[in-house]
Amino acid sequence: TSPKFKIFIIDEVHMLSKQAFNGLQKTLEEPPPSLKFILATTEVRKIPVTILSRCQRFDLKRVSVEKLNKHIKIISEKENGKISEDAIRLISRTSEGSVRDAISLLDRALISQPVDNNAYIQEKDVREMLGLADRSKIILMFKEILSGHEKEAIKYLKDLITDGIDAKNFLNDVLEILYFFSRRINLGPIEK
């Protein structure tokens, strides 16, 4: 009741209605000295220019995969989660730089941990949980496509669909493999 400032944090501010933005604009034009707003969003383009012009803007960058790896590993050790290095790397890559998403995925993986106390969560377990394709099947499918064996390639694709692959993740995996192929052709062997 007696702080120097009152701070309002509005998360996902881009979801406000037009009327709500109009009300917020009036407050931002003549703010009381003891009132501060923090507006958080992932979609700045959806915020009206009239609001943006009255704000100080800080763009936060995505966290690198290496830093996410370290962070996720520390959390899994504190939680006594038995998860392999490969599974942690997959979670870090899949979260695309978002710490919140990485922790959420780790949480899902640890909840699905095998009942056997000595068993570790492997990369294939995480792939199955996320609906990601087995890379070896995608590479075999590419081999059949490049060899001109359409029926065999379609068979691999049907297997991937049967395994419950997510279409968006499948396309990302295909694009990543195409990128590695093009790098290999243009630059020679790829070091990991």
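Let me begin with a term: a residue is called buried when its relative accessible area is under 20%, exposed when that area is over 50%, and partly exposed in between, using a 1.4 Å probe and protein chains only. By that scale alanine 167 is exposed, because its relative accessible area is 57%. Alanine 167 is found in helix 9, where helices (H or I, at least four residues) and strands (E, at least two) are DSSP runs numbered from the N terminus. The C-alpha atoms of alanine 167 and lysine 6 are separated by 46 Å, and these two residues are 161 residues apart along the chain.

Before going further, a word on the source. What you see is a predicted model, in which local features need pLDDT of at least 70 and side-chain atom pairs count only at pLDDT 80 or more, while totals for chains, interfaces and linings use all residues. Residues are numbered from 1 along each chain as its sequence is written, and side-chain values use heavy atoms, with hydrogens and water left out.

Let me stay with helix 9 and turn to its partner. Helix 7 (residues 135-147) and helix 9 (residues 167-187) pack with their axes 11 Å apart, at an angle of about 65°; the axes here are lines fitted to C-alpha atoms over the stretch in contact, and angles run from 0 to 180 degrees between N-to-C directions. Their crossing is right-handed, a word used when the near helix is turned clockwise from the far one by less than a right angle, with left-handed for anticlockwise. On the side of helix 7 the contact, meaning heavy atoms within 4.5 Å, is made by Arg135, Ile138, Ile139, Met141 and Phe142, and on the side of helix 9 by Phe170, Asp173, Val174, Glu176, Ile177, Leu178 and Phe181. These residues divide into nine nonpolar, no polar and three charged, where Ala, Val, Leu, Ile, Met, Phe, Trp, Tyr, Cys and Pro count as nonpolar, Asp, Glu, Lys and Arg as charged, and the others, Gly among them, as polar.

Is methionine 141 buried or exposed? It counts as buried, because its relative accessibility is 6%. Not counting residues up to four places away in sequence, methionine 141 touches Ala153, Tyr156, Leu157, Leu160 and Phe170. Methionine 141 and aspartate 173, which are 32 residues apart in sequence, lie 12 Å apart in space, C-alpha to C-alpha.

Which residues have the most contacts inside the largest nonpolar core? That core has 16 residues, and the ones in question are Ile83, Ile91, Leu106, Ala109, Ile121 and Val126; by a nonpolar core I mean a set of buried Ala, Val, Leu, Ile, Met, Phe, Trp, Tyr and Cys residues joined through side-chain atoms within 4.5 Å. Two or more residues come from each of helix 3 (65-78), helix 4 (85-94), helix 5 (99-111) and helix 6 (123-130), and helix 5 gives the most, with five. Apart from this core lies another, of nine residues, among them Phe142, Ala153, Ile165 and Phe170. As general background, nonpolar side chains in soluble globular proteins tend to be buried together.

Within this region, helix 4 has the buried residues Ala87, Ile88, Leu90, Ile91 and Ser92, and these pack against helix 3, helix 5 and helix 6. Leaving aside neighbours within four places in sequence, isoleucine 91 is in contact with Ile83, Ala102, Leu105, Leu106, Ala109 and Val126.

The axes of helix 3 and helix 5 come within 10 Å and cross at roughly 40°. The two helices are therefore oblique to each other, given that angles under 35 degrees count as roughly parallel, over 145 as roughly antiparallel, 65 to 115 as roughly perpendicular and the rest as oblique. Helix 3 passes helix 5 in a right-handed crossing, in which Leu68, His71, Ile72, Ile75 and Ser76 of helix 3 meet Val99, Ala102, Ile103 and Leu106 of helix 5. By class, this contact has seven nonpolar, two polar and no charged residues.

I will close with the backbone. Most residues other than glycine have a negative phi. Glutamate 12, in the loop between strand 1 (6-10) and helix 1 (18-29), has a positive phi of about 55°, and asparagine 80, in the loop between helix 3 and helix 4, also has a positive phi, near 55°. Glutamate 12 counts as partly exposed because its relative accessibility is 29%, whereas asparagine 80, at 63%, counts as exposed.
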